[in-house]
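Keep the viewer open as you read.

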Amino acid sequence: MKILHVAAEVFPLVKTGGLGDVVAALPPVLAERGLDARLLLPGLPAIRDGVRAQKKIAEFGPAFGAASIVIRHGRMPETGVQAYVIDAPWLYARDGNPYVGPDGQPWPDNLQRFALLGWVAAHLAFGEFDPFWTPDILHAHDWHAALSLAWLASHPAHPVRSVYTIHNLAYSGDFGLDAHAELGLPRRLFTHEGLEFHGRGSFMKAGLVFADRITTVSPRYAQEICTPEFGCGYEGVIGARRNALTGILNGVDYKLWDPTTDRYSDKLFSARSLDGKAACKAAVRASLGLDAAPDAPLAVIVSRLTDQKGMDLVLAALAQLLGRGMQLAVLGEGDPAIQEAFVVAGRLNPGRVAVHVGYDEALAHRLIAGGDLILVPSRFEPCGLTQLYGLRYGTLPLVRRVGGLADTVADASHENLQADAATGFVFDEASADALGAAIGRAADAWADRDLWRSLMQRAMARDYSWGTAAKKYLSLYRGLMAQ
Ligand code: ADP
Ligand code: GLC
């Protein structure tokens with residue numbers, strides 16, 4: 001089976017969040033199971049420069065505002081996964097974030113930038129660019145790739161099947177309906193049954209209505225997005241396609257995220273030999289200027305600093321956290337107001353709160369290795385990867401009971417402790433008090449070192465490798481091909 005994964009980012013070349021991790025990890029695990037899984041990526045600078053051994057396979061234009069567009073074929077560094085790159089400097093050769101400009105606003109030509117990605121995906125699938133390869137299944141990730149499904153739908157007779165994976169419903173990509181002329185998509189697709197959404201066009205809706213199958217990245221989020229609370233207005237559209245929807249939990253690439261081999265870790269450690277973890281904690285404290293307080297638990301955050309991630313709740317519960325003798329180390333960037341509030345909190349609590357604004361892959365690993373607790377109090381969380389990383393490193397996740405967090409972390413409740421199932425701390429209400437209470441419970445557990453150690457060891461033994469997810473995607477693809 002031949003699968004084309006279409007996405008806007010891929011680790012290690014471009015990554016703004018978990019999407020990049022997933023898009024990097026899934027094709028190689030599918031390849032291990034005998035599939036020919038390839039990538040189609042926009043030629044953002046790091047992708048254009050980072051995909052190896054590129055050969056030009058097609059050139060066309062002008063289109064989508066770009067004078068000339070070149071399609072190249074090469075291989076991903078490290079995994080060797082085959083990748084098609086759309087080289088269109090006018091649209092993609094920009095530094096910084098792939099989705100937003102330096103002002104924090106979406107790039108003004110995002111319509112053209114991601115319409116092109118979808119258009120090339122569909123036409124690659126129709127056999128227009130690579131005479132030696134066409135996919136059986138086009139698998140689009142998030143709104144950036146979703147317009148590909150409208151182009152498939154605009155072509156009456158083609159054998160290509162399609163899958164659309166929602167990584168985050170909150171980002172949907174919308175545009176004026178008059179864009180259809182510019183895009184060259186038939187007007188009949190721009191209706192309520194098509195990609196029209198509240199008087200605008202929506203990339204997300206194109207994915208939701210035109211894909212043969214829809215997946216999202218945890219079973220719980222698959223249920224949640226059918227409700228008004230989490231559906232971002234799409235709950236009706238998604239509900240109508242419930243039979244086509246599955247939740248498949250993301251995996252973790254343990255080649256990158258494992259305390260026994262981590263290339264960034266200050267010291268390696270394992271569940272059986274935890275001494276190295278203390279060294280990791282000491283190193284993190286020293287490098288971030290936190291006090292060397294031997295009895296204080298270190299809570300860490302590695303996150304986009306946004307409302308989604310409940311970062312305002314952390315700020316509001318900070319006094320409770322510090323009041324229980326914990327320290328906090330934060331790595332993240334995002335919403336300027338939240339970012340600034342964390343910086344101020346760091347300044348006001350020297351030695352106890354350390355804040356590093358920015359994106360830093362090495363520091364992310366070092367914090368997750370050196371922390372005792374990782375805080376993920378999200379308002380919604382399609383899957384979440386950092387709690388899974390935390391589990392593997394014995395850095396107990398403290399999470400809100402939503403989406404993938406609810407699916408992967410078992411609260412240290414009396415029942416779960418009795419059943420040998422507890423791996424972290426889970427709370428319900430999105431409030432500073434509820435978060436503070438969970439922090440209090442974590443502090444109580446910390447005081448009982450045997451209990452804490454047993455929680456760590458159980459957490460570290462949890463297996464969220466990609467194998468399970470790969471099997472589920474495989475069976476989804478097989479089902480689709482059998483139709
Ligand atoms: P989301 O995709 O919603 O941001 P995930 O938990 O799925 O959340 O994935 C976040 C990914 O991005 C993880 O791999 C995490 O380590 C990484 N990450 C988030 N913020 C930073 C940062 N400031 N520096 C380095 N890595 C980060
Ligand atoms: C999104 C979600 C996150 C998920 C990631 C990878 O960014 O916010 O929960 O883990 O995609 O699927």
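This is a predicted model: local features need pLDDT of at least 70, side-chain atom pairs count only at pLDDT 80 or more; totals for chains, interfaces and linings use all residues.

A polar contact here is a pair of N or O atoms within 3.5 Å. A polar side-chain atom of Asn250 lies 2.8 Å from an oxygen atom of ligand 2. The protein buries 93% of the 310 Å² that ligand 2 exposes when taken alone.

Two further side chains make contacts of this kind. In His167, an N or O atom of the side chain is 2.7 Å from an oxygen atom of ligand 2. Asn168 brings a polar side-chain atom to 3.4 Å from an oxygen atom of ligand 2.

Now widen the view to the shell. Ligand 2 has 13 residues around it, and those that come nearest are His167, Asn250, Glu381, Cys383 and Gly384. By class, the shell holds 5 nonpolar, 6 polar and 2 charged residues. Helix α1 (residues 18-32) supplies the largest share, 3 residues.

Along with β13 (298-305), β14 (327-334) and α15 (386-392), α1 supplies at least two residues of the shell around ligand 1. The most come from β13, with 3 residues. In total, 20 residues surround ligand 1. The closest are Gly18, Asp21, Arg304, Lys309 and Gly358. This shell divides into 6 nonpolar, 8 polar and 6 charged residues.

Which atoms of Lys309 and ligand 1 lie 2.8 Å apart? They are a polar side-chain atom of Lys309 and an oxygen atom of ligand 1. The backbone takes part too. A polar backbone atom of Gly358 is 2.8 Å from a nitrogen atom of ligand 1. For Asp360, a polar backbone atom is 3.0 Å from a nitrogen atom of ligand 1. Taken alone, ligand 1 exposes 550 Å², and the protein buries 92% of that.

Leave the ligands and turn to a sheet. Its 3 strands run in the order β8-β10-β9, with antiparallel pairing, and the sheet is open. β8 (174-175) and β9 (196-197) stand at the edges; each has a single partner strand, so one side of each is left without a neighbour in the sheet. In general, strands of a sheet pair through backbone hydrogen bonds.

Look at one pairing in detail. β8 and β10 (residues 200-202) are joined in the antiparallel sense over 2 bridges. Phe175 has Gly201 as its bridge partner in β10. Finally, helix α7 (residues 203-210) lies across β8, β9 and β10. It runs at about 60 degrees to β10.

Conventions:
Residues are numbered from 1 along each chain as its sequence is written. Chains are lettered from A and ligands numbered from 1 in the order in which they are written. Side-chain values use heavy atoms; hydrogens and water are left out. Two strands pair if DSSP finds at least two bridges between them. Helices (H or I, at least four residues) and strands (E, at least two) are DSSP runs, numbered from the N terminus. Contact means heavy atoms within 4.5 Å. Axes are lines fitted to C-alpha atoms, for helices over the stretch in contact, and angles run from 0 to 180 degrees between N-to-C directions. A residue is near a molecule or strand if one of its heavy atoms lies within 4 Å of it. A polar contact is a pair of N or O atoms within 3.5 Å; within protein, one must be able to donate a hydrogen and the other to accept it, and residues adjacent in sequence count only if both atoms are side-chain atoms. Accessible areas come from the Shrake-Rupley method with a 1.4 Å probe; for residues, only the protein chains shown count as cover. Ala, Val, Leu, Ile, Met, Phe, Trp, Tyr, Cys and Pro count as nonpolar, Asp, Glu, Lys and Arg as charged, and the others, Gly among them, as polar.
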